[in-house]
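I set out each item as I looked it up.

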Amino acid sequence: PLPPAAAPHSNKTPTLLVLWHSPLPSQICTTTATLPQLRRSPEPKCGSGAMDLLIAQITTDLRSSDALRQSSALLQALQQCAAGRDVSALARTTATEILAAPSSAVCKRLALDLLRALPLPPDLLDPLLLSSLRSDLSFPDPDVAASSIASFPSLPSHLLPTLLSSAHADIAAALSSPAESLRLAAVTSLSSLLPRDDLALMCSTNPSLMGHATTWWGRLTELALDSADAVAAAAFEALARLFQELDARRMSRLAGDKLVDGEGALAVRAQWAADAIDFIWSRRNMLIARSMVMPVESFRVTVYPLVHAAKMVASGAVNTLRQIAKPGDTTIADTVEASAEKLVGVSDIVSHLLPFLSSLEPPLVFEVGINMLSLADAPGGKPEWASAAIIAILTLWDRQEFSSMRETIVRAVVANLHLLDLGMQVSLFKRLLQMLKNLRAESDRMHALACICRTALCVDLFAKESVRRGQKPVPGTDVISLFEDARVKDDLNSITSKSLFREELVASLVESCFQLSLPLPEQKNSGTESRVIGALAYGTGYGALNWTEPALDVVEVCRPCVLWDCDGRTYAIDCYLKLLVRLCHIYDTRGGVKTIKTGASQDQILNETRLRNLQLQLIRDLREVHTSRISSRLIWAISEHFDLEGLDPLLADDPEDPLNIIISNMHKTLFNTDSSATTSNRIQDVQAVLICAQRLGTRNARAGQLLSKELEEFRSSTSADSVTKHQSRYVLQIIKYVTNHPDNRWVGVGDATGDYPFSHHKLTVQFSEAAAAQDRKLEGLVHKAIQELWRPNPSQLTLLQTKGIGALHKDLPKARTLTGSSDPCYIEAYHLADPTDGRITLHLKDFEFD
């Protein structure tokens with residue numbers, strides 16, 4: 001509250017010291033003003049009349065030649081702007097009366113602060129304002145020059161080349177200024193300006209601007225060793241931003257105009273990054289020492305630039321950057337030290353970071369841990385580094401102040417599981433599964449599950465291959481160990497659990513098995529980041545069916561899923577049955593378990609025995625399946641590949657005979673008229689059973705006799721409609737023909753295809769059912785996570801390494817006139833704006849109408 005005004009008869013006017021925060025850190029600006037000039041005008045109540053009066057009053061004060069009145073008016077304008085009121089009408093007056101005219105340092109700084117806070121109209125960005133900013137760079141007060149250079153990033157792209165080229169000497173002087181505030185302002189402004197897409201593109205076509213920007217980057221890199229902590233921290237942040245913009249290959253969120261990045265901008269950034277990496281690597285010991293004397297809150301910004309430079313040098317990627325910067329230059333060679341020197345340098349940085357894993361500040365622990373994982377993935381990295389980093393990151397799970405970052409913790413851990421040794425991976429599986437249950441049931445959880453499933457399968461393969469090579473087996477490396485935890489096992493065996501997590505787990509395991517069965521695409525110089533431990537990393541030489549062994553473990557441990565009551569959802573169970581059918585087809589379980597006399601190996605005999613036992617167990621489980629849809633699909637999956645000829649004929653009348661159990665359950669489905677069966681698409685269930693009856697009856701005489709009775713009874717009952725009656729008659733004719741002509745059956749009547757016809761991509765889903773919609777959503781999440789993990793989209797750097805510079809050419813969209821329209825429509829047109837700006841991204845697709 002302001003003190004009471006001075007008495008009228010007093011000849012002394014009370015004064016007040018005014019303080020305001022500048023946009024520059026650690027700066028406080030002061031002025032002295034009389035109280036009558038600083039008294040607030042009444043706040044506008046409603047309407048625009050009071051606001052117009054206030055703006056008119058501020059404008060009058062700005063046009064006066066009194067520095068105190070001008071400063072108080074600018075303060076009032078900043079106050080209204082901070083309150084969210086529109087004072088953009090003051091922009092032109094501020095630029096004309098304060099910036100373009102001789103004014104005090106305080107007024108100039110306040111005016112620059114105000115103009116940065118206002119949306120500037122295009123007509124204001126004229127030579128008058130630019131010349132004012134340009135002249136203020138050489139203002140005697142370094143704080144004014146700092147405010148002027150801090151205004152550069154807010155200018156539109158087309159004004160930057162001229163301004164930067166004319167002011168390059170002043171910018172260089174600011175970077176070397178003895179005033180800490182001016183150095184800090186220059187570093188902060190350039191760090192947000194230089195990595196931008198628009199500026200990189202300008203530099204690619206403007207050699208003069210490119211030379212100036214390269215000089216500034218060199219100076220920015222040197223300022224990481226500045227004596228002022230704030231300046232050094234800002235320089236480290238600038239380097240981190242440069243590396244991230246190049247590495248992540250995303251559109252810059254800092255750019256005023258979003259432009260399509262291309263070869264030129266990439267080459268420019270690559271040159272800047274290569275120069276910065278060379279400097280950091282050559283001065284790494286000095287930079288490490290400089291970071292150690294920084295305040296703890298600033299240490300975190302020094303971690304990423306050091307680690308990234310070391311990794312690029314150790315992996316040799318810095319030479320790739322040089323080749324991108326100067327394509328076709330054959331003189332580029334590995335200029336860094338020998339590989340031993342690289343390993344020593346990387347170890348020095350790890351030793352520098354290791355003590356900070358036990359810090360009390362969670363963000364610092366996470367930053368150091370993530371970067372140590374990055375070094376563990378570089379050539380010469382050690383599993384011990386990854387173990388220490390992951391253990392430190394996992395300690396943040398129960399930290400209350402870090403609870404909102406649990407998804408980030410899990411994603412960081414699971415994405416780097418392949419860096420650990422086998423024992424550490426297996427010990428983490430059970431804990432990670434429990435942690436995942438607490439995550440959101442969206443793609444974050446799915447991606448983490450996909451990582452765990454992939455690693456578990458590869459660990460299993462790698463352990464089996466090691467045993468084949470005569471090494472000692474590592475306990476707990478099989479997939480079954482993933483489910484040893486009692487809580488996971490209870491969740492899998494529970495019938496009425498409503499948890500989606502177990503469905504996601506089964507679907508992810510199965511989809512990972514299918515991905516494991518596909519050949520890996522050939523990638524040259526793909527880098528160590530894409531490696532997967534186990535068979536995928538080292539190659540396996542014991543046959544193309546090596547993936548079936550972990551897949552057998554998966555179908556054994558996921559067997560309880562057929563008993564689940566998932567409120568109508570079937571996607572996870574369909575995935576499971578699809579894998580089961582595929583394995584049965586591969587091992588030809590119709591022909592029974594092979595013997596050594598027929599040429600089968602010990603592994604094949606063991607696997608076929610496991611599959612037969614699993615089929616018998618699933619047949620016994622049929623009695624406990626209460627959902628008609630699941631029952632019919634399970635019957636189809638089993639009977640299509642079951643060894644009917646190997647059944648004991650003496651047990652033909654036994655209710656426990658597998659064939660009798662199958663047919664009795666088919667009877668339940670055919671004659672089920674409950675309301676639950678009607679609402680769960682009974683037509684599809686009956687169709688599945690009839691197709692199954694046709695295949696079973698044509699394969700085995702006893703099955704044909706029993707099924708003929710069932711179908712005759714079904715035809716004459718009220719449970720069959722006209723369509724199913726005709727279909728039953730058709731199936732009966734086929735069974736009768738095959739029974740009467742056993743030696744004249746046509747080819748393919750009983751052949752197994754190994755296909756599972758009930759998967760979602762082959763069936764029309766009625767989205768009126770909530771369960772079907774949820775199934776499709778789950779399917780989309782699983783496929784997205786699996787594809788992202790197993791077949792990631794190559795980055796631009798990978799494309800450059802594999803296909804050369806021509807891979808980055810972007811063809812312009814071609815106009816095409818649609819039928820019935822004279823307006824051309826582009827095949828794909830994108831409004832190149834960042835969604836975070838609040839603008840809409842348009843995706844126009846080409847539709848042709850006949």
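**Entry 1: helices α21 and α23**

I began with helix α21 (residues 383-394) and helix α23 (residues 422-436), whose axes come within 13 Å and cross at roughly 20°. The model is predicted: local features need pLDDT of at least 70, side-chain atom pairs count only at pLDDT 80 or more, and totals for chains, interfaces and linings use all residues. Residues are numbered from 1 along each chain as its sequence is written, and side-chain values use heavy atoms, with hydrogens and water left out.

The axes are lines fitted to C-alpha atoms, for helices over the stretch in contact, and angles run from 0 to 180 degrees between N-to-C directions. I therefore recorded α21 as roughly parallel to α23; angles under 35 degrees count as roughly parallel, over 145 as roughly antiparallel, 65 to 115 as roughly perpendicular and the rest as oblique. I noted that α21 passes α23 in a left-handed crossing (the near helix is turned anticlockwise from the far one by less than a right angle; clockwise would be right-handed).

Which residues make the contact of α21 with α23? From α21 I listed Ser387, Ile390, Ile391 and Leu394, and from α23 Met424, Leu428, Arg431 and Met435; contact means heavy atoms within 4.5 Å. I sorted these residues into six nonpolar, one polar and one charged. In this scheme Ala, Val, Leu, Ile, Met, Phe, Trp, Tyr, Cys and Pro count as nonpolar, Asp, Glu, Lys and Arg as charged, and the others, Gly among them, as polar.

**Entry 2: helices α11 and α12**

I next looked up helix α11 (residues 197-205) and helix α12 (residues 207-222), which pack at an angle of about 120° with their axes 5 Å apart. The two are therefore oblique to each other. Here too I found a left-handed crossing, of α11 past α12. Leu199, Met202, Cys203 and Thr205 of α11 meet Pro207, Leu209, Met210 and Ala213 of α12. The residues of this contact divide into seven nonpolar, one polar and no charged.

**Entry 3: the chain as a whole**

I counted 38 helices and six strands in the chain; helices (H or I, at least four residues) and strands (E, at least two) are DSSP runs, numbered from the N terminus. Of the 850 residues, 50% count as buried, where buried means under 20% relative accessible area, exposed over 50%, and partly exposed in between (1.4 Å probe, protein chains only). Among contacts with a separation of 6 or more, 70% come from residues 24 or more positions apart.

**Entry 4: cysteines**

How many disulfides does the structure hold? I found zero, a disulfide being a pair of cysteine sulfur atoms within 2.5 Å. Cys451 is in no disulfide, and its nearest cysteine sulfur, that of Cys453, is 9.4 Å away. Cys451 counts as buried at 3% relative accessibility. For Cys575, also in no disulfide, the nearest cysteine sulfur is that of Cys561, 9.4 Å away. I recorded Cys575 as buried, with a relative accessible area of 6%.

**Entry 5: positive phi**

I noted that Asp567 has a positive phi of about 60° although it is not a glycine. Asp567 is found in the loop between α28 (548-557) and α29 (571-586), and is partly exposed at a relative accessible area of 44%. Asp588, another residue other than glycine, has a positive phi near 50°. I placed Asp588 in the loop between α29 and α30 (602-621). At 38% relative accessibility, Asp588 counts as partly exposed.
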